[in-house]
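Thanks for coming. Please have the sequence and the structure open.

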Amino acid sequence: MNANSTVFDPAILNLGAVRARHGELSGSIIHTPLIWLPSPVVAKRLASDQVYLKLECYQHTGTFKARGALSVAQAIPERDRIKGVTAASAGNHAIAAAWAARQLGISAKVVMQTTANPFRVAMAQGEGAEIIMKEGGIAAIGEAERLSRDEGCTFIHPFEGFNTTLGAAGVGLEIIDTLPDLEAVVVSVGGGGLISGVAAGVKLVNPNCKVYGVEPVGADSVSKSLAAGKPVTLDKVDTIADSLGPPFSLPYGLSVINQFVDDVVTITDDQILAGLVVLQEEGKLAVEPAAGAALAAALGPLRGRLQGKRTAILVCGANIDAETYTTLHERGQPHVAALMAD
C-alpha cells in the first residue's frame with residue numbers, strides 16, 4: 001500500500017512520517033503559538049485552569065489550511081508543476097492553495113463558491129490566483145476536477161488525502177510536543193482533513209490524550225459517516241460556519257478519524273455564535289465561526305468530559321471581515337447564557 005491509499009495504513013502514516021513532513025514544511029509554515037487561556041469564566045465552567053488555545057489563526061493565509069495545501073503542492077513531481085494547481089473552496093482552502101502555489105512559483109486556478117465572502121475572494125486574488133466562481137460545494141469541486149482532467153493541473157483537494165492529513169498532523173505534533181501530558185484536544189470538523197491530521201499527530205505521541213471533534217448540526221457529514229461506517233453525502237448543508245460545510249466525507253480522512261478520534265459531537269449555529277462571542281470576550285480573539293465552534297463544544301456538549309482536564313482548543317482560522325464579524329457577534333450575544341447554563 002502506498003501514499004495514495006484510500007484508507008489509513010500505519011506503515012505510511014506513522015510518527016516518523018509526521019515528524020519528517022513537519023520538518024520539510026518548517027521553513028515555510030509558522031509554528032503557531034499555544035497559549036494558556038487566562039479566563040476565570042472558562043476555568044470555572046471546565047473546573048480547570050489548564051485550558052490552552054492553539055492559534056492557527058496566526059498561520060500563513062489566516063487558517064490551518066496552508067499546511068495541507070503546501071504539503072500536497074510540495075509532493076507534485078517537478079515535471080507536473082509547470083501545469084499549475086487547482087482547488088475548490090468556500091474561501092480558506094482557495095486562499096491556501098493559491099499561497100502554496102506562490103511559494104513554489106507555479107500558477108493557481110481556484111474555484112470558489114458564489115456564496116464565498118468577498119473578503120476571502122480578494123485574499124485568494126491577492127495570492128495571485130485566477131478565480132472561477134461556481135454555485136455549491138459539489139459544483140465547485142466538480143469544476144476543479146474538470147480543470148485537472150482537461151488542463152493537466154494538479155487538484156489540491158480541500159480535505160482528502162494522505163498528504164493533506166500529513167500536513168495538518170503538524171498542528172497536533174506541535175501541540176503535544178509542547179504539552180506532552182495534555183489530556184484532551186478539541187477540533188472543529190469540516191470534511192475531516194484537519195482533525196484527521198491533528199488526531200494522528202497527537203495520538204502517535206500520546207495515545208492517552210483524547211481528541212474530540214465538533215460539527216454543526218446542519219453539516220454533520222462526518223458524524224453521519226462514522227455512524228454508517230462509510231462516507232455519507234448530505235442532502236443539504238445549512239450552517240453559519242461555511243468553513244465547516246463540505247456536504248460529504250471521503251474514505252481516507254474518515255479512516256484516519258475512525259482510528260484516532262475519540263468522538264465527534266454536533267452543535268447548533270446559536271452555540272457556534274455564542275462560542276465566537278466567548279472567544280472574543282475571554283480570549284480577545286476575533287475569529288470566524290468555525291473557530292468559535294471548538295470553544296462552544298468545549299463549554300457545551302463536551303463539558304462533562306473535559307472537567308478538570310488539561311485541554312487544548314484549536315482556533316482554526318480568522319478570515320472574516322469586520323462587518324460580517326460584527327453582525328455575527330451581535331447575533332451570538334443572546335445565546336451565550338444558554339451555552340454557559342448548567
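The largest nonpolar core has 77 residues, and Leu-13, Val-185 and Val-315 have the most contacts inside it. Helix 13, residues 289-299, supplies the largest share of this core, with 9 residues.

Some ground rules. This is a predicted model, in which local features need pLDDT of at least 70 and side-chain atom pairs count only at pLDDT 80 or more, while totals for chains, interfaces and linings use all residues. Residues are numbered from 1 along each chain as its sequence is written, and side-chain values use heavy atoms, with hydrogens and water left out.

Now the terms. A nonpolar core is a set of buried Ala, Val, Leu, Ile, Met, Phe, Trp, Tyr and Cys residues joined through side-chain atoms within 4.5 Å. Buried means under 20% relative accessible area, exposed over 50%, and partly exposed in between, with a 1.4 Å probe and protein chains only. Helices (H or I, at least four residues) and strands (E, at least two) are DSSP runs numbered from the N terminus.

How is strand 2 paired with strand 10, parallel or antiparallel? The two are parallel, over 5 bridges, and Tyr-52 has Ala-312 in strand 10 as its bridge partner. Strand 1, by contrast, runs antiparallel to strand 2 (residues 51-55), with 3 bridges joining them. There, Ile-35 stands opposite Leu-53, and Leu-34 stands opposite Lys-54.

Strand 2 is largely enclosed by the rest of the structure, because 5 of its 5 residues are buried. Both of its faces are covered: Val-51, Leu-53 and Leu-55 are buried on one side, Tyr-52 and Lys-54 on the other. In a regular strand the side chains alternate between the two faces of the sheet.

Back to Val-315. Leaving out residues up to four places away in sequence, Val-315 touches Leu-53, Lys-54, Leu-55, Glu-56, Cys-57, Leu-279, Leu-285, Val-287 and Ala-291. Touching, or contact, means heavy atoms within 4.5 Å.

Axes are lines fitted to C-alpha atoms, for helices over the stretch in contact, and angles run from 0 to 180 degrees between N-to-C directions.

Then the helix pairs. Helix 12 and helix 13 pack at about 95° with their axes 7 Å apart, and are therefore roughly perpendicular to each other. Residues in this contact include Gly-275 and Leu-279 of helix 12, and Ala-291 and Leu-295 of helix 13. For helix 5 (residues 92-104) and helix 6, the axes come within 8 Å and cross at roughly 10°, so these helices are roughly parallel. The cut-offs are under 35 degrees for roughly parallel, over 145 for roughly antiparallel, 65 to 115 for roughly perpendicular, and oblique for the rest. Asn-92, Ala-94, Ile-95 and Ala-98 in helix 5 meet Arg-120, Met-123 and Ala-124 in helix 6.

Why is helix 11 (residues 251-260) described as largely enclosed? Because 7 of its 10 residues are buried. Those residues pack against helix 8 (162-178), helix 9 (193-203), strand 8 (210-216) and helix 10 (221-228).

Last, two polar residues. Arg-45 sits in helix 2 (residues 40-46) and counts as buried, at 7% relative accessibility. A polar atom of the Arg-45 side chain lies 2.9 Å from the backbone oxygen of Leu-299.

Asn-117 is in the loop between strand 4 (108-113) and helix 6 (118-126), and counts as buried at 16% relative accessibility. Its side chain makes a polar contact of 3.4 Å with that of Thr-324. A polar contact is a pair of N or O atoms within 3.5 Å; within protein, one must be able to donate a hydrogen and the other to accept it, and residues adjacent in sequence count only if both atoms are side-chain atoms.

Methods. Pairing = 2+ DSSP bridges.
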